[in-house]
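The following explanation is intended for a reader who is meeting this structure for the first time. Please keep the sequence and the model in view while reading.

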Amino acid sequence: MKKKTDIICRAVDVKKTYWRGKVAVEALRGVSFDIKRNAYISIMGPSGSGKSTLVHILSCLDTPTSGEYYLENALVSKYSDEELAKVRNIFFGFIFQSFSLLPRLSALDNVALPLIYRSISKHERIAKAKEIIENVGLADRMLHRPNELSGGECQRVAIARALVNDPKVIFADEPTGNLDSKTGAEIMEIFDHLVDEGNTVVMVTHDVNVAAHARRTVKLKDGLIAND
Amino acid sequence: MLGIIIGVTTVIAILSLIEGLNRTVAEQVKSIGSDLIFLQKFSWVSTGHRDLDKLAGRPDLLPDDAEAITKLSSVEIAIPQTSRQLQILKYKDNEVSNSSVAGSDENYAWVNNYIVESGRDFSRDDVLHRRAVGIIGSYIATNLFPDETAVGKDLHLNGHRIKIIGVFKEKGTFLGNSLDDFILIPYTVFEKFFPRPRGTLWSRVYGGYSIGIKAKDGMKIEETTDQVRELMRRRHGLGFDKEDDFELNTQQILMDLYQSITNVGFIAIVAIAAISLVVGGIGIMNIMLVSVAERTREIGIRKAVGASNNNILAQFLIESIVLALVGGLIGIVFGMLLAWLISAVSPLKASVSFWMILLGFGFSASVGIFFGIYPARRAASLNPIEALRYE
Ligand SMILES: Nc1ncnc2c1ncn2[C@@H]1O[C@H](COP(=O)(O)OP(=O)(O)OP(=O)(O)O)[C@@H](O)[C@H]1O
Ligand SMILES: [Mg+2]
């Protein structure tokens, strides 16, 4: 019984088909996948194998064409847009490959962004965002805009933003893809540390060295799990 | 944006001018006195030149009529009055042109709300004995007698000597015309000195007497009007199937005419406002659509971190409302400036009131909402994945 409650996300035979005009692209062809509490998972596979698609579905950014997806035993396909937005807001943190910060906001405001959608007072938002941004080591840069920050710094801001709502799962789609190996290693240290603190991390990567940090590696091929 | 500015500017400017005009006109028309009726051959509002012939054929109104009307139970007093334009009025080296001479009786000042400031009013005897005496308006007094008293001096009208016995207190202007630019003489004298040129249509319609009728206090003006109408029909021997051959003019018909003119003005404003606001609204819609396209990625990011469709909708709707309100604010400022400018260089007086400003804001906010809703919905309905993919 204990084992079951440990599962945060469960995808059952999830398929995703994109339509390019009249041509169907089967990005996922039946994937079953569990994420347990405090897991550290890397997803690998050749380009176009459906890694991003899977992560989008797991993080409720997208919905599967068929199959079921449960969040703590609740069926997600029944959720309204409003509820999905809420799930993304408080359940998940998301880190993208290209730095997905709002260019007109300071690092601090970028980190505080998810809190805006939770009707938290401005004062509390700033306090919380400050705390997190200090944790990722950017205390002295928090009033800078993204274009004044290096790639590694931007990615740390993105991590801080993903963490600001104390998410149950942190998803990262090729978080080190645009970084040199040294900066990438720094980012991976942050991830390792997060998992040590009890967080759950799911990341997509092409880099075997990066994947080696994870405790579990899932390989995708042509929209199917080839190796778990 | 420009459309909204133009729209709100015109609305505010025209509304405040109309409002200002309303006030002056209402004041002026009221100054005629709401208890006064003028019995005349012509109507103040509907006389076109084409029926001048018909009007000229109407029987003259005479001092006898005034006497008969005075006897009516609802009438306080009725007086005959007539006037003629004067070319030039001279005293020593001073002269005034385009003044007029009026003929009436001893009740003229009272009925028309003039006050004799110095000297004395007419007496009954002045009128009955055709004394060549006159009371002058303040304009004539100040221009002809700048440094001496006017009372007691003689003036020459059409070669006839008139002795000034009084000066009226200044009354101001009515619809731009001075009310103090005339000399009043007994109508009996007027008939002698200014015999009516017979023949011309114009003089047959406008040259004779008008009867000024003051209703009794507390009497409904309609009641008095009805009594006078009945009496005049009898005096003119009109059968029940004949139309009136006279007109009863009151301040009310002026107000009615003015109302109908400004109503047209209002319709014009509504049309201008509607067109320019639609143009402005489409402009705003364009700006917002561009903004949505440019910020597709931002929308994707916001959705990814937890913004719902409604959050995004609200964000873009607020932006378009703010945009429209800024336009509206500029328009309000421009409109007030324009109104102020017009009242500075012309006799029109503008009066901006609070409700116009509210109206301006209300209008622009509605435009913002109405034309912002489509871009905002478009933003809200973006798929987060597609939006994130967008470069
Ligand atoms: N919105 C879309 N419309 C059409 N096809 C899509 C769409 N998104 C993804 N695909 C297709 O689905 C397949 C899987 O794409 P996905 O992005 O999941 O691959 P990936 O494993 O993340 O690849 P990469 O390593 O290059 O990021 C690809 O063939 C891709 O072209
Ligand atoms: Mg990918």
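In this predicted model, strand 1 of chain A and strand 4 of chain A, the latter covering residues 66-71, are paired in the antiparallel sense over five bridges. A:Cys9 stands opposite A:Leu71 in strand 4 of chain A, and A:Ala11 has A:Tyr69 of strand 4 of chain A as its bridge partner.

Strand 1 of chain A is also joined to strand 2 of chain A, by 11 bridges, and these two strands run antiparallel. Here A:Lys16 stands opposite A:Leu28 in strand 2 of chain A. The two strands form a hairpin with two residues between them. In the turn of this hairpin, A:Gly21 has a positive phi of about 65°.

These pairings belong to a wider arrangement. In chain A, four strands form an open sheet in the order 2-1-4-5, with antiparallel pairing. Strand 2 and strand 5 (74-75) of chain A are the edge strands, each of them pairing on one side only.

From the sheet, the description can turn to the ligand. Ligand 1 lies between chains A and B, and the space that ligand 1 takes up is the second largest pocket. Which elements supply at least two residues each of the shell around ligand 1? In chain A they are strand 1 (7-20), strand 2 (23-36) and helix 2 (51-58), and in chain B helix 14 (384-389). The largest share of the shell, three residues, is supplied by helix 2 of chain A.

There are 16 residues around ligand 1, and those that come nearest are A:Arg20, A:Ser47, A:Lys51, A:Ser52 and A:Thr53. By type, the shell divides into four nonpolar, seven polar and five charged residues.

Individual contacts give further detail. In A:Arg20, an N or O atom of the side chain is 2.7 Å from an oxygen atom of ligand 1. A:Ser47 places a polar side-chain atom 2.4 Å from an oxygen atom of ligand 1. On the side of chain B, an N or O atom in the side chain of B:Glu386 is 3.4 Å from a nitrogen atom of ligand 1. Ligand 1 on its own has 630 Å² of accessible area, and the protein covers 77% of this area.

Note on methods. Residues numbered from 1 in each chain as written. Chains lettered and ligands numbered in written order. Predicted model: local features only at pLDDT ≥ 70, side-chain atom pairs only at ≥ 80, totals over all residues. Heavy atoms only, no water. Near = heavy atom within 4 Å. Polar contact = N/O pair within 3.5 Å; in protein donor to acceptor, adjacent residues only side chain to side chain. Areas by Shrake-Rupley, 256 points an atom, 1.4 Å probe, with all protein chains shown as cover. 1 Å grid on protein atoms, 1.4 Å probe; cavity = no way out; pocket = protein on both sides within 12 Å on 5 of 7 lines; lining within 4 Å. Sits in = over half its atoms within 2 Å of the grid points. Nonpolar A, V, L, I, M, F, W, Y, C, P; charged D, E, K, R; others polar. Pairing = 2+ DSSP bridges.
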